[in-house]
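Visitor: I would like to learn how to read a structure like this one, feature by feature. Could you guide me through it with care?

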Amino acid sequence: MASSSFVRDLLTNWGLSEYIKNFEDHKIDEVNLQLLKEKDICKLIPEIGPRAKFIEQLKKYKRQKSRNESKNIQEATSSSASFITAGKTSSGNCQHSTTMGQPSPEKRKSDGDDANKQTKKQKRSAASRKTEILEKRKSDGDDANKQTKKQKRSAASRKTEILDCKKKTEVKKIMESLSSKLEKLTSTKLTDFLRDKFKTLEKDKKKIVGVFGKTGAGKSSLINTILGETKLLPSGSQGACTSVMIQVEANMTNDKYIAEIEFITVQEWEDELSSIVMARTCELGDDEDMDDSNDDEDIITAFYGNVGREKNLEELMDKRCFSNIPEFRSALKKKFHCDTAEELSENIRCFTRSDTQNDAFEPQYWPLVKCITVKVPNSNDLLEHVVLVDLPGNGDCNKSRDEMWKKFVGDCSAVWIVSEISRATSEKECWEILDSTVSLFGNGGECQSISFICTKTDVIEMNQKDAHTNILTRNKTTKKIVRDKFQKRKEVKKHFSGVKDFFKVFTVSSKEYRKRKHLEKEETEIPHLQEFLRNLNDHHTRTSDYISGAYGILSLIQGAKKSNMTDNKDLCESLEKKLNDNLKSIGDSIEESWKVFDRCLSQGVQQSEDSCEKLINNVISPRGKKHGGYHKVVKSLCKHNGIYKPRKNRGKEINLNERLASCMRSSIDEEFKYFFPNDKWGPIRKQIENFTLVATSLIRDHPRWSLHLRFLKMEESELKAGLNYELRKKKKEIYSTLTKSIMQSMHSCYKRASLHTGKDSLKKMKDEIHQHVNVDIFRKAKEDMLVCLTELKNIIVMQLQSKLERSIEISLKTPDSLILPEDVTEDYNKIKKLMDCSSTVTFTSILDTQPTTQSMSGNGKKHVQITAPIDPDPLNLQPKPFNRKSNDLRGSESLVPTDAGTEVNQLSDVAFVKKNRNYLIQRVKMGDAIADDLLRHDMIQDEMYEKISKGSTTQEKMRILIGAVQAGGRMSTSAFCVALRKHELRLVEDLEESASPL
């Protein structure tokens, strides 16, 4: 009975009380609750959303119970040890008291013994001092060794990056040569298809890091320091910040510092000026809440000077005013190419900041700027595939700038919130930025991590003596306070799945990083942010993907030249059947999400209908606002489709459409996070990733068609990546559908309301809005969202079907119509060797099947000599060979030990994996790529590979993968370690650095 009550209380606390009866009917108690399997939970909780919630809560409960049990064991052990120690002490005391009454042998010793005791005490003291000195020397030596290891690791990483660049360059040369030859050939199905593949190979989707923060927070200095520049972006001390967006990326073509300035259109500028000029003449009463006149005049005087205050619209738009920037009227970008960062900074200053320090007037062009792109040379390791974007916190009143701002925010893979450390915990603005933008980069975007960066940690009170200790102490305290503050923001956290390390806090000092007066470089945490960007940049994986794509294209070309497209009917039918089965599974998964959203949105429609009057009044008739003073807000809101934006980002945006959609949004937020999470795989993405036509066994069973099938496998991987990108893009559209639909439904109402003028115009505008809002608006919003979900299903299914059917037709059904000027076998083999150069487990080339020979060495190891060796540096790109720890294959043989006692390398790999198993499960991010390598070399079977792919998180995948390689023995574990070093080099080096030798 008590146990049943326990389960009932647990379900109630987890918000799942409606399922208590199901659990009681199936006699689920405290014991068998922990034994439930997934199929059992499906019966108990049929709905996906609540079931996912239950599974997550059950995992947390098990972890907490395990920790409590461990703690109890430790306490019991400690208690037992204390009891035993006490017993021994008591026993000793008893023995001592027993002998007190008898003549003591020590009493009969000479008085010289006391002197000996004193001498021994002095010796012990000297020995203790000597031990302290030795320990200090050892500690100093350990620090020196640690620093040396970091330097070696950094050097090894740089060497790997250099080697990757050289490999990619070599492959690019091969592909460019083939592309030029292909362009000269007659247009056929096959040649046209290949031309498209060459173009696709060169596309690069960059990841965006959005950097938010108020003026003076140190954003520009932070970006400059991270990139190793002191004067790249103008800093806040040189002028007031504007709403200009600046994106910083790598210059991949030359050593110049480049800036490209994009302007708003002439029509947009005229509309903005017209609004300012009209505001001068319109007298709408004492509008204390909406006094934007000063902001308007700032815009005028920045570009035109004080004389602009007296000019009319025609005079302000005179073309002579724009003679210094002809690009503006010509709708062109203004470009600067500079030799130094300082020169570039000086050139773009007037386009980014309003410099009010100079007495003489100099035109400031920032009011005309839409966005600035800065390209920095020699920054490939940080920015080749990453863009840093300095973003204002709340968008812009200019429509085109605001749309670009929203797109940048929605596309952010990572968000950095920057604030001075002295204000990080007390200042509202940085937290308001997070609150107001989270719907754009959370459920409505693709953000996978948030970092709160506290700057200027070097700024401390001058009379503090131990600056180093005080800085680090304040840093530690601030981190804890910021983390605690974030944990309380439920509206922000509801957009994310709570993956470990999703929210991070950094305490940085750009000044100390350069001068190192009080802190070492590592302590400034600038290197941590650089490492963050390197991991996001992921140069090694991008290089591998490029080489893999090139290999797939050459496999198709080589296969087309060597086959006559006969006797493959059974293979084609098998592939087509598997394609249809997979498409049905993906369609069913999306259909299931449609049903869940249909139910949730129906509840949201009812809630919206019940509370719509309150929602409207909260926006257009808020408490504490004077009717006359709020007139301009409502007027502007109606003129701009329900949205009011204060100028120069002063104050919060007011959005009536968002408020009307809020109940429906709240009804789907949890389910939306489940089906479309940013920080892990949801059910739909999982179905896409599990989709496979070409298993390794299929390639083995059809050796004649192995090249064609390898191409299809590469095509499949490329298509999955494209669909995942499409899924992220469509997901953002789906989430914004509710607000957009309501805006469209309200458009005619806003237009009518904006026409009211004169006496009682405010009341008339409010009445117009109240009368227009009804339940049909909410029902339409629901239907529009469900239509978008259906479109998502059609896009995914149709793309998979059409593209793979075309790929099957091109590779397996199109007769050989490709006659290149020369054979591509040499190019194919070069790229294939580059594909395999990081693996110790060899496999035979389909094109170059060679026999192997075996011989026995004197140390008991069997040498398997490969006649066609796999060279780790087949094109002689590597300047110096790595040792074994650097992933070296070293020559042309694979050692397969026959004597277990001599298998040193494999045993060390086994010990390494065993020791670091939990750490690897938590930290490895490239589990899919590692599994791909192991599958390709037959270290794991197709069934195990599919099981790994079905893991819902990277941690679950790694847990299954490590379990499989450990069960496979020393050979598979050793192969796993090689693949691990190939894809997670820095992580392995961190483990080797922190661990004692195995």
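Visitor: What covers the buried residues of H24?

Guide: In this predicted model, the cover over the buried residues of helix H24 includes H23, strand E12 (643–644), strand E13 (654–655), helix H25 (656–675), H28 and helix H29 (761–772). H24 itself spans residues 631–639 and is mostly covered, with seven of its nine residues buried. Those buried residues are His631, Val633, Val634, Lys635, Ser636, Leu637 and Cys638. Just after H24 comes Asn641, which takes a positive phi of about 55°.

Visitor: Which residues are buried in H8?

Guide: Helix H8, residues 219–226, is likewise described as mostly covered, since seven of its eight residues are buried. They are Lys219, Ser220, Leu222, Ile223, Asn224, Thr225 and Ile226. The helix H8 is followed by Gly228, whose phi is positive, near 75°.

Visitor: How should I read the packing of two helices, and at what angle do H7 and H28 pack?

Guide: Two packed helices are described by the angle between their axes together with the distance between those axes. Here helix H7 (residues 189–201) and helix H28 (residues 706–754) pack at an angle of about 50°, and their axes are 13 Å apart. That angle makes H7 oblique to H28, and the crossing of H7 and H28 is left-handed. At the contact, Phe193, Lys197 and Thr200 in H7 meet Phe711, Glu715 and Glu718 in H28.

Visitor: Where the axes of H33 and H35 cross, what is the angle?

Guide: The axes of helix H33 (residues 927–936) and helix H35 (residues 954–967) cross at roughly 30° and come within 10 Å. Because angles under 35 degrees count as roughly parallel, H33 is described as roughly parallel to H35. H33 passes H35 in a left-handed crossing. Gly927, Asp928, Ile930, Ala931 and Leu934 in H33 meet Lys957, Met958, Leu961 and Val965 in H35, and the residues of this contact divide into six nonpolar, one polar and two charged.

Visitor: Which residues touch the most other members in the largest nonpolar core?

Guide: Among the 101 residues of the largest nonpolar core, Met175, Leu575, Phe676 and Ile796 touch the most other members. Helix H23 (residues 569–620) supplies the largest share of this core, namely 17 residues. If we leave aside its neighbours within four places in sequence, Phe676 is in contact with Phe597, Ile684, Leu727, Lys731, Ile734, Leu789 and Leu792. Apart from this core lies another, of 61 residues, including Val211, Tyr257, Cys338 and Val508.

Visitor: Does Val505 count as buried or exposed, and why?

Guide: Val505 counts as buried because its relative accessibility is 5%, and buried means under 20%. Its place is in strand E11, residues 503–507. Leaving aside neighbours within four places in sequence, Val505 is in contact with Phe452, Cys454, Lys479, Val482, Arg483 and Glu525. The C-alpha atoms of Val505 and Trp416 are separated by 9.6 Å, while these two residues are 89 residues apart along the chain.

Visitor: How many helices and strands are there in the protein chain?

Guide: The protein chain has 37 helices and 16 strands, and 47% of its 998 residues count as buried. Among contacts between residues at least 6 apart in sequence, 79% join residues at least 24 apart.

Conventions: Residues are numbered from 1 along each chain as its sequence is written. This is a predicted model: local features need pLDDT of at least 70, side-chain atom pairs count only at pLDDT 80 or more; totals for chains, interfaces and linings use all residues. Side-chain values use heavy atoms; hydrogens and water are left out. Axes are lines fitted to C-alpha atoms, for helices over the stretch in contact, and angles run from 0 to 180 degrees between N-to-C directions. Helices (H or I, at least four residues) and strands (E, at least two) are DSSP runs, numbered from the N terminus. Angles under 35 degrees count as roughly parallel, over 145 as roughly antiparallel, 65 to 115 as roughly perpendicular and the rest as oblique. A crossing is left-handed if the near helix is turned anticlockwise from the far one by less than a right angle, and right-handed if clockwise. Contact means heavy atoms within 4.5 Å. A nonpolar core is a set of buried Ala, Val, Leu, Ile, Met, Phe, Trp, Tyr and Cys residues joined through side-chain atoms within 4.5 Å. Buried means under 20% relative accessible area, exposed over 50%, partly exposed in between (1.4 Å probe, protein chains only). Ala, Val, Leu, Ile, Met, Phe, Trp, Tyr, Cys and Pro count as nonpolar, Asp, Glu, Lys and Arg as charged, and the others, Gly among them, as polar.
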